[in-house]
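Open the model in your viewer and keep the selection tool at hand. Each stop below says what to select and what is there.

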Amino acid sequence: MADMHPPTPRLRPTAATATATATATATATSTGSAPAPARFPVCRIDALCLTVGLVLVGSGLAHLLVFAVDGGPWTGPVSWRKPVTFGLSFGVTLVATAWVTSYLRVGPRLRAALLGVFAADCVVEVGGITLQAWRGVPSHLDMETPFDTAVSLTLAVGGAVLVALLGVFAVASFRHRPTGPAGMPLAVRSGFAVLLVGLASGAVMIARGVVLTRTGHQEAAYHSTAPLKPLHAVSLHAVLVLPALALLLSRTSWNERTRWRAVALATGCYGVAVVGAAVWAALTW
């Protein structure tokens, strides 16, 4: 996870950018007005991910209100907690991933394709979980009826797709050093590395639950995921927290080396939290 490279130097403008700037300046000069500041267009896929992410977050918050009105247990396989937490988590993760991948050296078409599938997968995951919550049945590891089995398997396949997509982004972050202000390359790489730990813990929870369900231990399957939930929760959002810190530090007057050290310290603290959650999971497994 450590990135010992010095802070990223300020990139020079490309030839296309220089030409566009010169044209704007010439036009402004001929019309006698000041040149307009350079504008960076937002890609359609970024706008799509932002929109979908906000919708998912809104869904999570709406179900928090449903819980406040309807009541019921907050924990357990059937509760309003699941559409709340999954809506918020998937929404935030989708927006964060779209933003963070803008620092990766990945072709725009490939990035757009991966993010498009990722956004669709997030909708399927949250939609399936929300549907089952309204039906009053568990969303995961439920094999009671053919329909419930289909939903559970769809969510499991969707989880595998998430692992594959985010794995591609993680590999890309280590193949070529990400761009961005001081500390951003370290934050992006560390965030994706920790995110993979969270995805792996989720896969282990599902795998163990499926085995218990298939062997006739349905109730034990629902409770088998408890030890790994803290590790899963802590690891998922490193890809947002660490890059966001690097971005905030870039707005300060600190020099690049100080900002890089601050990001490195935060990364170390996050790593300690992940290791602590993993140890707790191993002891309570």
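Select helix H2 (residues 44–70) and H4: they pack at an angle of about 15°, with their axes 10 Å apart. Helices here are DSSP runs of H or I with at least four residues, numbered from the N terminus. Axes are lines fitted to C-alpha atoms over the stretch in contact, and angles run from 0 to 180 degrees between N-to-C directions. H2 and H4 are therefore roughly parallel to each other; angles under 35 degrees count as roughly parallel, and those over 145 as roughly antiparallel. H2 passes H4 in a left-handed crossing, a term for a near helix turned anticlockwise from the far one by less than a right angle.

This is a predicted model, in which local features need pLDDT of at least 70, side-chain atom pairs count only at pLDDT 80 or more, and totals for chains, interfaces and linings use all residues. Residues are numbered from 1 along each chain as its sequence is written, and side-chain values use heavy atoms, with hydrogens and water left out.

The crossing of H2 and H3 is left-handed.

Next, select helix H5 (residues 146–175) and H6, whose axes come within 9 Å and cross at roughly 160°. That makes H5 roughly antiparallel to H6. Their crossing is left-handed.

Stay on helix H6 (residues 184–214). Its 31 residues, at 1.5 Å a residue, should span 45 Å, and the end C-alpha atoms are 45 Å apart, which agrees. The expected span is 1.5 Å times one less than the number of residues. After H6 comes Gly216, with a positive phi near 85°.

The last stop is a cavity: a set of points on a 1 Å grid over the protein atoms alone where a 1.4 Å probe fits but cannot get out. One cavity of 30 Å³ or more is found in the whole structure. The largest cavity has a volume of about 40 Å³, counted as the space filled by probe spheres set on the points.

To see its lining (residues with an atom within 4 Å of a point), select Pro77, Val78, Ser79, Lys82, Pro83, Ile129, Gln132, Ala133, Val137 and Ser139. Helix H3 (81–100) and helix H4 (108–135) each supply at least two lining residues. The largest share, three residues, comes from H4.

Notes:
On a 1 Å grid over the protein atoms alone, a cavity is a set of points where a 1.4 Å probe fits but cannot get out, and a pocket is an open set with protein on both sides within 12 Å along at least five of seven lines; lining residues have an atom within 4 Å of a point. Angles under 35 degrees count as roughly parallel, over 145 as roughly antiparallel, 65 to 115 as roughly perpendicular and the rest as oblique.
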